[in-house]
Amino acid sequence: MSRFDSDFTRRLLDKARGTFGSMDAVRCFVAPGRVNLIGEHTDYNDGFVLPAALDLALVALLAPREDNKAIVVSIDKGPDDEFALDNIPRLPNHEWTNYVRGVVLALQAKGGQIGGFTMVVGSTIPVGSGLSSSAALEVATGFGLGKLFGPELSGPELATMCQRVENEFVGVNCGIMDQFIVANGQADHALFLDCRDLTTEHVPIPSDLAIVICDTRHPHALTDGPYNERRASCEEAVEAIAADQPAVTALRDADMDLLNQARGRMSEPVYKRARHVITENRRVLDSVRALKQGDAVTFGRLMNESHDSLKDDYGVSCDQLDQMVNICRGVDGVLGSRLTGAGFGGCTVTLARTDAVERLSEAVLTQYPVQPEGPALVYRSRAMAGVREEDPKAILGDL
Ligand code: GLA
């Protein structure tokens with residue numbers, strides 16, 4: 001699969017020419033989407049995650065302007081946006097450019113002298129499918145404007161800043177995983193991240209294994225409520241455990257024994273949600289060990305267990321995700337399959353032997369029912385590098 005198809009690059013180039021006039025001063029920043037291999041709903045519990053950056057990506061073309069304005073346009077999303085840089089309110093109604101606005105404010109708060117700029121955005125990351133299209137937008141903006149005007153942040157600083165923008169400016173209470181992998185991914189590696197102290201390890205993905213993403217086409221719109229409710233349950237469980245174990249400040253610190261001792265102090269749904277987080281952290285550690293030892297079979301089994309725990313204990317799967325996972329698991333050469341991201345819809349991630357990819361794709365396309373949004377989409381992706389600057393010509397061809 002080529003990274004950007006010719007239709008995408010033509011539309012992006014047309015839009016860029018129409019918007020910038022001259023392409024001479026245009027710089028090009030690419031931020032990947034992400035898939036989480038394992039470690040779901042653990043990041044906001046100070047736990048462990050193992051995501052990888054995708055070749056589905058967002059491209060942000062940026063050029064400075066003479067005036068003090070920001071102009072932000074997209075090849076497929078509306079409305080366009082124009083704002084003055086000395087007063088940047090949040091737009092009502094979840095406008096997509098709030099991510100850009102928030103990042104500009106955050107860079108200014110870090111001392112960045114952000115001058116006027118024009119930004120043209122195009123993305124191959126499907127929106128609302130759990131592949132972190134919004135983290136890609138935030139990180140591309142922060143990285144690109146940092147290159148143009150400063151400050152240039154380290155990968156972890158950029159990720160932390162963008163997460164704060166999403167929490168405090170956009171108003172989505174996400175954890176650190178998405179922004180972190182988008183900012184810090186490494187080609188052909190998954191990123192093992194400790195979300196408490198942000199220590200990392202890049203773990204190679206063997207070349208005989210394929211990462212396959214299947215979009216259920218069941219969008220996960222309006223998930224803030226159920227997501228925040230899960231977060232609240234985790235906090236309740238911590239409080240119940242900490243009543244006699246004050247050293248426990250996050251579910252990361254608990255094991256099943258401590259949870260069971262506190263079981264009488266929490267409701268059954270809270271117990272089950274906490275059990276998911278505690279067992280999921282264990283699965284991440286075990287799967288990192290398995291990956292390093294070349295034990296793909298164990299890795300796949302842990303992925304399956306992760307999905308089942310997200311479905312039965314955490315309650316964030318849905319019929320479409322379960323159906324997709326079952327189809328994938330039935331294909332010869334598939335090692336494991338699970339929902340990826342927050343859940344409630346969106347995509348699954350499947351680990352397969354490379355020679356099983358075609359079979360897998362065919363099974364999904366023939367067995368998975370067409371949704372009102374359309375038929376399933378199947379992508380195979382390499383693990384890619386995190387956000388980076390590229391030569392515009394390398395993506396757009398002759399300018
Ligand atoms: C969303 C959030 C992440 C993480 C996942 C669940 O993608 O943005 O921070 O919590 O859900 O693992």
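1. Domain bounds, as used here, come from an automatic or database domain assignment. On that basis the protein is divided into domain 1 (6-205 + 384-396) and domain 2 (209-381). The contact, meaning heavy atoms within 4.5 Å, takes 37 residues from domain 1 and 45 residues from domain 2. The C-alpha centres of domain 1 and domain 2 are 25 Å apart.

2. This is a predicted model, in which local features need pLDDT of at least 70 and side-chain atom pairs count only at pLDDT 80 or more, while totals for chains, interfaces and linings use all residues. Residues are numbered from 1 along each chain as its sequence is written, and side-chain values use heavy atoms, with hydrogens and water left out.

3. Polar contacts are pairs of N or O atoms within 3.5 Å. The side chain of Glu40 places an N or O atom 2.7 Å from an oxygen atom of the ligand. For Tyr227, the distance from a side-chain N or O atom to a ligand oxygen atom is 2.6 Å. His41 instead uses a backbone N or O atom, 2.7 Å from an oxygen atom of the ligand.

4. How much of the ligand does the protein bury? Taken alone, the ligand exposes 310 Å², of which the protein buries 92%; accessible areas come from the Shrake-Rupley method with a 1.4 Å probe.

Terms used
Polar contact = N/O pair within 3.5 Å; in protein donor to acceptor, adjacent residues only side chain to side chain.
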